[in-house]
Amino acid sequence: MKITDIQCFDVEAPLITPFKTALRTVDKIKNIGVYIYTDEGQVGIGEAAPTAVITGETRESIIGAIQLYIKPAIIGMEIEEIALIMERIDQCLHKNTSAKAAVDMAIYDLFAKRYNAPLYKVLGGYRKELVTDITISVNDVQTMVDDSLKAVNRGYETLKVKVGKDQEKDVERVIAIRKAVGPKVKIRVDANQGWSPKEAVRIIRKLEDADVNIELVEQPVHYADLEGLQYVTAHTETNILADESVFSPKDALKLIEMRACDCINIKLMKTGGIYQAQKIVHIAEAYGIECMIGCMLETKISVSAAAHFAASQKNTTMVDLDGPSLCLKDPVTGGPTFENQWIRMSDAPGIGFSI
């Protein structure tokens with residue numbers, strides 16, 4: 001099965017409510033889709049999320065990277081040469097991880113279709129069901145409490161609470177949500193790099209003293225401040241999850257060796273796709289570090305690829321794949337079933353979409 005063409009297309013989906021973090025506010029997903037065509041008539045699909053504040057990529061840069069660099073590097077190659085394809089994608093241009101991820105997942109879609117099997121089984125087949133959290137955007141305290149209660153009433157058992165805009169308000173937000181939802185609901189806090197190391201320690205200790213029982217705090221400090229992340233990890237009891245600080249297997253290994261985090265958030269848009277994500281999850285597993293599989297603001301296309309990856313791996317013990325649940329409408333049909341907190345894999349070949 002040879003690659004004959006690669007085409008980009010627009011993927012858009014309005015959000016049910018605006019998505020607000022310490023870094024940005026978004027009311028509509030505007031991503032780039034990828035079709036990879038083959039000489040046997042099979043088509044693979046992928047998606048890239050232009051997230052300039054995290055990966056540095058824009059719509060235009062993603063399309064340019066795919067059409068001008070990645071496409072010429074792999075046209076004519078056999079899908080079965082997956083390791084060689086991934087090497088060429090990685091070497092044809094530096095960074096551009098979301099562009100690479102879109103092509104990577106479309107290649108894996110075709111690879112699994114080549115053997116008429118669902119992707120999660122080809123990658124390892126560890127489980128068929130996942131339980132995801134849902135994001136609570138940063139807002140005034142009462143709005144966040146109301147959003148949290150709505151999520152719990154829909155059946156979500158884990159909330160990912162966005163903070164990082166005002167440290168005193170952040171403590172108030174989390175405590176108020178805990179009081180509202182009760183002790184059984186898991187709470188993950190995501191600061192999106194919004195605190196300094198000392199602020200992070202002070203806030204986390206306040207939450208610990210208030211017995212809020214947080215499962216973890218995600219990326220409390222700036223992505224490049226590895227020593228700061230190490231400081232927060234060493235001076236708090238709560239688990240610290242590294243996100244924006246980890247793009248590559250080398251990043252993961254460095255943080256683990258520094259003891260700068262307790263767990264790692266893998267996102268295909270950061271790793272450049274499934275091929276590199278597998279390396280990270282295996283490195284982490286070797287050191288006894290658990291991984292979360294997360295997503296940017298993505299639609300069902302790329303989130304489904306991430307779900308297949310998460311379902312295939314023992315060490316992806318936490319799931320933050322709520323992208324489709326935040327969308328008013330899915331741009332595609334098929335793939336895994338997303339029903340509130342439950343993500344259930346299908347046995348359709350590849351990622352599961354009929355194109």
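**Salt bridges and overall build**

1. Asp5 counts as partly exposed, at 23% relative accessibility. Here buried means under 20% relative accessible area, exposed over 50%, and partly exposed in between (1.4 Å probe, protein chains only). Lys71 is buried, at 19%.

2. This is a predicted model: local features need pLDDT of at least 70, side-chain atom pairs count only at pLDDT 80 or more, and totals for chains, interfaces and linings use all residues. Residues are numbered from 1 along each chain as its sequence is written, and side-chain values use heavy atoms, leaving out hydrogens and water.

3. Lys71 and Asp5 form a salt bridge, with their closest N and O atoms 2.9 Å apart. Lys71 sits in helix 1 (residues 59–74) and Asp5 in strand 1 (residues 3–20), so the pair ties together parts 66 residues apart in sequence. A salt bridge is a side-chain nitrogen of Lys or Arg within 4 Å of a carboxyl oxygen of Asp or Glu. Helices (H or I, at least four residues) and strands (E, at least two) are DSSP runs, numbered from the N terminus.

4. Lys160 forms a salt bridge with Glu218, at 3.0 Å between the closest N and O atoms. Lys160 is in strand 6 (residues 158–162) and Glu218 in strand 8 (residues 216–218), so the pair ties together parts 58 residues apart in sequence. Both Lys160 and Glu218 are buried. A network of salt bridges links Lys160, Lys162, Asp190, Glu218 and Asp320.

5. The whole structure holds 21 salt bridges. The chain has 13 helices and 14 strands. Of its 355 residues, 58% count as buried.
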